[in-house]
Structures are given as structure tokens and as C-alpha cells.
Amino acid sequence: MRLLVGLVIIAVTAACSEPETEAPAASLDPLAERYVRLVLALGVHDEYYVDAYFGPPQWRDQAGAEAKSLQDIIAAAASLAEELRAFDVAGDERLRLRQDLLASNTESLGTVARMRAGERLSFDEESRLVYGFVAPSFPVEHYDEVLQELEALLPGDSALHERIHEFEQQFRVPPETAEAVVAAGIEECRERTLQHLALPAGEAFDLEMVSGNPWGAYNWYKGDFKSLIQVETSRPISVFHATILGCHEGYPGHHAFSSLLEQHYLRERGWVEFSVIPLHSPQGVIFEGSGN
């Protein structure tokens, strides 16, 4: 996981630096293409697995036409991961980071394919093998302390959850103004992000209010520095959520982060693995963590 974080730090700091010549890293390109094709192949079996793809359209078409079996994908992922782990990085730190990203994501892909084929894992096993980490566990006393802090912040005689609900009601946005408030929140987040990061020229997003989805909001990255940000209207929206959505889905969250990755890795370095975003992978932890 530390290596993945290191690669992300390089992506962000690259916004203020010049691209470098990286001939050694190019030797990983054929393996990276095999990884992308495997992600698309698994996407044939799991419609949600490929969160975004903006690489060569013919690769996706070919994946659909071939329709590799899950067993073939599992075997191919195991073989590719072994090749990646054995790859000689020759002391090149950036090459080592790229190698680890590809190997970790490929191993994760293999695990997801095995699960789609029926393998059952414990919660911690799935977390470790798919996302590269195991969530910490806390004793009951930890949560008791949090509840005591909330009790102090919102004193009263009614149940704590009722007091919290009543407090939140003060900041609800009327449905007829929800889109305007969310749009203003995202724009303010963008302005503040631009004070710290140089975003690609022409980056932009479309905002759409939708209903009937299990999530509160979603950023669909389309490539070419463009996104569709959808906000679920069946749940109450508050001023607080408008800011959170702006940060998490837009700036400096998913849209800005994906744009920077595309600019500095896919376009400047030609690292094709950044043309696809799998929904489940160690990379996803970085996406959601940076969004939060």
C-alpha cells in the first residue's frame, strides 16, 4: 500500500513539474496492456467492475467478442502477476512503483474473478486481497467515547439520534434549489483547488440530478478531463452535503484526481494502465481516501 501511495504522490506533485524521459519504464508497456485487457475481460462478467475506460475502443470491443471465461481470466491474472513480480526494476524507484501498482491491481483482479466464480472469502481476507489492506477494529469503549462527545455537543432529553436528526434538519436544502446549491458547492471547491493544483486545460464536468440509486452521489469519469457528476435526489441534501459532494466527487476529489492521473501518466508517460479505472482494487482505496 505504501508503494501505491507513493505513486499517487508522484501524480500530484507532477502537476508542478516537467515530464521526464522514462525509457526503462516503457519495457513494462506490454504487460500493462495485458492488464488493461484483463480488466475489460472481467467487465464482461461484472458490469460494474470497469468504473471508467477511455483507452482504445477496439480493446473493449475485442473483450466483448472474445468473452473469456472466468477460469481463463483467473489463470491469465495469476500468470501476469507472477511475471510482474519477477520483473527486474534495476533500482529504478519509479519503475518499482509502476511495477507494484500493476502487480497489486492484477492480483486484486484475480481475486475478484475467483469470487465471481463462486469462491467465498472472509471479510478481512477479501479486504486484504482485493483492496490491499485490512480495516482496523476498535473496542466497544472507542464508540462509547464518540457517543459521549456527541452527547456533549447536542445535550437534551430525547434520544441522541433524534437530536442529531433535528440538528441536521436546520441545514436541509429545498428540493427546488438543490441543484443550484450543489453546483455552487462544487464550483467553490474548484476555485480553492486551483489555488494549490494546476489542473489540465479544458477539464470540466456535467452535473445531473438523478433518483433511484443506492449511492448519494457518483462521479463518472469519461476521459479527456471530463466527468459526469450525478447526485441522488431521493435522499435529503444539506448545505453540508453540497460541500462534501463538491470536494469528494469534484475537486480535489475524483474528477480532479482522475484528470491529473490521465494527464501525467496516460498522456505524458503513455502508461496505458491509467486508461482504465476498476471499481475494486487497491487503487480504489486511494481514490476514495483522497476523495474523503
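In this predicted model, Arg 116 is partly exposed, because its relative accessible area of 36% falls between the limit of under 20% for buried and that of over 50% for exposed. Arg 116 belongs to helix α6, and, when neighbours within four places in sequence are left aside, its contacts are Asp 46, Leu 70 and His 280. Pro 30 lies 86 residues from Arg 116 in sequence, and the C-alpha atoms of Pro 30 and Arg 116 are 26 Å apart in space.

The helix that holds Arg 116 also packs against helix α7, which covers residues 123–131, with the two axes 7 Å apart and at an angle of about 135 degrees. Angles over 145 degrees would count as roughly antiparallel and those from 65 to 115 as roughly perpendicular, so α6 and α7 are described as oblique to each other. On the side of α6 the contact is made by Glu 107, Ser 108, Thr 111, Val 112, Arg 114 and Met 115, and on the side of α7 by Glu 126, Leu 129 and Val 130.

For Val 36, setting aside residues up to four places away in sequence, the residues touched are Tyr 53, Trp 59, Val 272, Glu 273, Ser 275 and Val 276.

Aromatic rings and a histidine complete the picture. The aromatic pairs in the model come to 10, and ring pairs join Trp 215, Tyr 218 and Trp 220 into a cluster. His 255 sits in helix α12, which runs over residues 254–267, and this histidine counts as buried because its relative accessibility is 1%, where the limit is under 20%. Beyond its neighbours within four places in sequence, His 255 is in contact with Glu 203, Ala 204, Asn 219, Tyr 221, Phe 225, Lys 226, Ser 227, Glu 249 and Gly 250.

How values were computed:
Residues numbered from 1 in each chain as written. Predicted model: local features only at pLDDT ≥ 70, side-chain atom pairs only at ≥ 80, totals over all residues. Heavy atoms only, no water. Contact = heavy atoms within 4.5 Å. Phe/Tyr/Trp six-rings, centres within 6.5 Å; stacked < 30°, edge-to-face > 60°. Axes fitted to C-alpha atoms, helices over the stretch in contact; angles between N-to-C directions. Helix = DSSP H or I, 4+ residues; strand = E, 2+ residues; numbered from the N terminus. Parallel < 35°, antiparallel > 145°, perpendicular 65-115°, else oblique. Buried < 20%, exposed > 50% of the residue type's maximum accessible area, 1.4 Å probe, protein only.
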